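Thanks for coming. I will go through one model this morning, from the whole chain down to a few residues. Here it is on the screen.

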Amino acid sequence: MTWACLYASNAAEESTMLTRTTRIAGLVLAAAGVVGGTAAPASANAKPVCLTAVNQPCAWQLATPDGIVGGGLIDAADPGQLTVLRVEVKIERAWGSPWETVAAVTGVQTGSIRLTTPAVATRYRTLVCATGGPADQADAQTTVCRL
């Protein structure tokens with residue numbers, strides 16, 4: 001349903017951003033029906049925070065000294081649900097060319113999942129996608145991508 005990705009450097013900032021995001025998300029949801037978060041520039045000490053709807057993944061990317069790290073999170077409907085999440089870092093070598101997966105990680109476990117990929121050193125345009133949902137319901141799994 002809805003998701004947003006934010007970057008906070010400490011707990012107080014995180015709490016303030018979550019409160020503001022919840023209010024803003026409610027207004028946007030009422031007007032448009034969809035909320036797409038805006039990512040601030042990431043730093044090496046930034047802490048990604050994803051607000052997700054149940055069984056809807058979110059994705060983010062962080063710039064680190066070693067390269068781009070892709071991340072994803074999915075909150076399970078209940079702690080006993082078997083949940084799957086796949087996070088991929090993709091690059092586009094030339095404008096209009098197909099996206100190529102250069103790093104990926106997959107997890108299956110009960111409850112919620114949070115995963116990060118290995119760092120990818122690249123000068124190409126990057127995209128991070130997270131696909132997930134209930135492991136036993138392929139038709140209920142969704143994908144979100146973040147540039």
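The protein chain has one helix and nine strands. Along the sequence the pattern reads β-α-β-β-β-β-β-β-β-β. Please keep in mind that this is a predicted model.

Some totals for the chain. It has 147 residues, and 42% of them are buried. The exposed surface comes to about 7900 Å², of which carbon and sulfur atoms supply 56%. On contacts: taking those between residues at least 6 apart in sequence, 59% join residues at least 24 apart.

Next, the sheet. Three strands make an open sheet in the order β3-β4-β7, and the pairing is antiparallel. The edges are β3 and β7, the latter being residues 113-116, and each of these pairs on one side only. From one strand to the next, the twist averages 15 degrees. How many bridges join β4 to β7? Four, with the two strands running antiparallel. If you want a place to look, Ile74 stands opposite Ile113 in β7.

Now a residue in β4, which covers residues 67-74: Ile68. Is Ile68 buried or exposed? Its relative accessible area is 16%, and the cut-off for buried is under 20%, so Ile68 counts as buried. What does Ile68 touch, once its neighbours within four places in sequence are set aside? The list is Gln61, Leu62, Ala63, Pro118, Ala119, Val120 and Thr126.

Gln61 sits in strand β3, residues 58-64. Gln61 has a relative accessibility of 14%, so it is classed as buried. Where do the polar atoms of its side chain go? One partner is the side chain of Thr126, in a polar contact at 2.7 Å. There is also the backbone oxygen of Leu147, which lies 3.3 Å from a polar atom of the Gln61 side chain.

Last, the disulfide. A search of the whole structure turns up one. Which cysteines does the disulfide join? They are Cys129 and Cys145, with a sulfur-to-sulfur distance of 2.0 Å. The pair links distant parts of the chain, 16 residues apart: Cys129 is in strand β8, residues 125-134, and Cys145 is in strand β9, residues 142-146. Why is this disulfide called right-handed? Because the torsion about the S-S bond of Cys129 and Cys145 is about 110 degrees.

Cys145, with a relative accessible area of 36%, is partly exposed.

That covers what I wanted to show.

Definitions and conventions. Residues numbered from 1 in each chain as written. Predicted model: local features only at pLDDT ≥ 70, side-chain atom pairs only at ≥ 80, totals over all residues. Heavy atoms only, no water. Buried < 20%, exposed > 50% of the residue type's maximum accessible area, 1.4 Å probe, protein only. Polar contact = N/O pair within 3.5 Å; in protein donor to acceptor, adjacent residues only side chain to side chain. Contact = heavy atoms within 4.5 Å. Pairing = 2+ DSSP bridges. Axes fitted to C-alpha atoms, helices over the stretch in contact; angles between N-to-C directions. Areas by Shrake-Rupley, 256 points an atom, 1.4 Å probe, with all protein chains shown as cover. Disulfide = S-S within 2.5 Å.
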